[in-house]
Every structure is written in C-alpha cells, then in structure tokens.
Amino acid sequence: MAFGILSRVLAATFALTTLTAQAPSPTAVPLVAATSCARPNVPAQTVHIEPPVFPPSIDGKRPTGEVEVIVSLDEANNIVSAHARNGPEALRTVAEETARKSKFTTEIIACKPVAKSFIFVVRYDDTAPCENRDIPARTARAYPPETPKYARDHGITGIVHVAIDLDESGQIVKAEATDGPEILRQAALSSVRKSVFAPHTVNCVGQASRYEYVVSFEAR
C-alpha cells in the first residue's frame, strides 16, 4: 500500500518536473534592440545655393523670370540629373547649371537616405548681379554622337572637328565639319545640331562668334 502511494507521488513529481522543463525560461527569450536616430524622417534639403549667373543680354535686354528645375539625387546626395521643366527658354540652361553646382541632401525615411527628385527654383530679375567679364562661347549640353552602322560594323573610329557659328543667343547659325573621317562627319553634325551652346559674352552681352567643337567616335 505504502509502495503504491510512493510510486504515484514519484510519478506525479516526475510529470511536473518534465512539464516545467518544457516551459520557456524568461531569460532565454532574445531581446530585439529598437533602432532609432535623432531625426528618422527628414525631407530633401538645400545645403548650398550656387549664385545664379545672369544670362547674356539680347538686343540690350536681359531676360528675367523663374525656372523650375527637377533635381534628382541618389542615396549619397550626388546629383544624378537636373532638368528645367518650365520657365523662359533663355534661362533654362543657366538655371540647370546653377542647380548642378548647388549642394543638396536627399530625403531620409526611417533613418535611411533614399533616392529623391524634387523641384529647385531659380529666379532671375533685374536686381540679379551681372558679371563684368569676357566669357568665351562654350558647350552647355553635349548630345552624344551616334556612330553610323557601317562605321560601327567595320570598327571605324576617330575625331571630327566642327566649326560652329553662333549668334548672340547661342543659337547655331552654321556648322561645318572641317576635319575627320568622311563617314563620321554627317553624324558629328547631327550631334552638334542637337547640342546646346552658350554664346560668347562681353559684359553680360551676347556676341556672335565662331566656336570650335570636337566630336569623338570611339569603339564600343
């Protein structure tokens, strides 16, 4: 009788011990550390604005107005692109140049920087400073040349020199290929006509001029 009671007590104790051993210990539950930063969500911001260079005068009149430039940043705050979406045509190229020379920080979401596009506004009015100097004609935006199929298939590469006559506003009056492989000259001229140029300026006044431009065709 006593042996039977003792057996049942031991069995109950063993069952309780086994059940307790299977229950998770509070200290065994891993604790997940919460991540945080001082400002988890921050919009894109302008750090430095490059002073806009006033465009050249046309017929004694300086163009004025406002240009909205779409600026795209990568996660490292590098400017990927800057494209004027509206505003006076005479101001768009210089506004894009101003945007590219300015500094920005991209948007931060949940403590992580993300690629972001936003609007950057450049304003030009009669009180804007005029740089009193002689600035030669220059390329504002170069259009990449397209190698002709025959030249591409036969591995023909080279450099084409193009003489460009620009008017006071930087528009192309005439473009002539003066040197380089004949098969590449027409493609070079096509690239030139799709590019954008800034005129030669003296005391902020545009001047007609000749501009020497080089188009390079490389093997791909």
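**Exercise 1.** In this predicted model, find what covers the buried residues of α4.

*Solution.* Start with the cover. It includes α3 (149-153), β10, β11, β12 (196-198) and β15. In α4, Leu184, Arg185, Ala187, Ala188, Leu189, Ser191 and Val192 are buried. Buried here means under 20% relative accessible area.

**Exercise 2.** Determine which residues of the largest nonpolar core touch the most other members, and which element gives the most to this core.

*Solution.* Take the residues first. The core has 18 residues. Val162, Ile164 and Val192 touch the most other members. Now turn to the elements. Two or more residues come from each of β10 (158-166), β11 (172-179), α4 (182-194) and β15 (209-217). With 5 residues, α4 gives the most. In soluble globular proteins, nonpolar side chains tend to be buried together.

**Exercise 3.** List the contacts of Val192, leaving aside its neighbours within four places in sequence.

*Solution.* Look for heavy atoms within 4.5 Å. Val192 then has contacts with Val162, Ile164, Ile172, Ala175, Phe197, Tyr213 and Val215. Another core lies apart from the largest one. This other core has 16 residues, including Ala95, Phe104, Val122 and Tyr124.

**Exercise 4.** Work out the strand order of the open sheet of 3 strands, and find the helix that packs on the sheet.

*Solution.* The order is β3-β2-β7, and the pairing is antiparallel. β3 (79-86) and β7 (116-124) are the edge strands, since each pairs on one side only.

Technical notes. Residues numbered from 1 in each chain as written. Predicted model: local features only at pLDDT ≥ 70, side-chain atom pairs only at ≥ 80, totals over all residues. Heavy atoms only, no water. Core = buried A, V, L, I, M, F, W, Y, C linked by side-chain atoms within 4.5 Å. Buried < 20%, exposed > 50% of the residue type's maximum accessible area, 1.4 Å probe, protein only. Helix = DSSP H or I, 4+ residues; strand = E, 2+ residues; numbered from the N terminus. Pairing = 2+ DSSP bridges.
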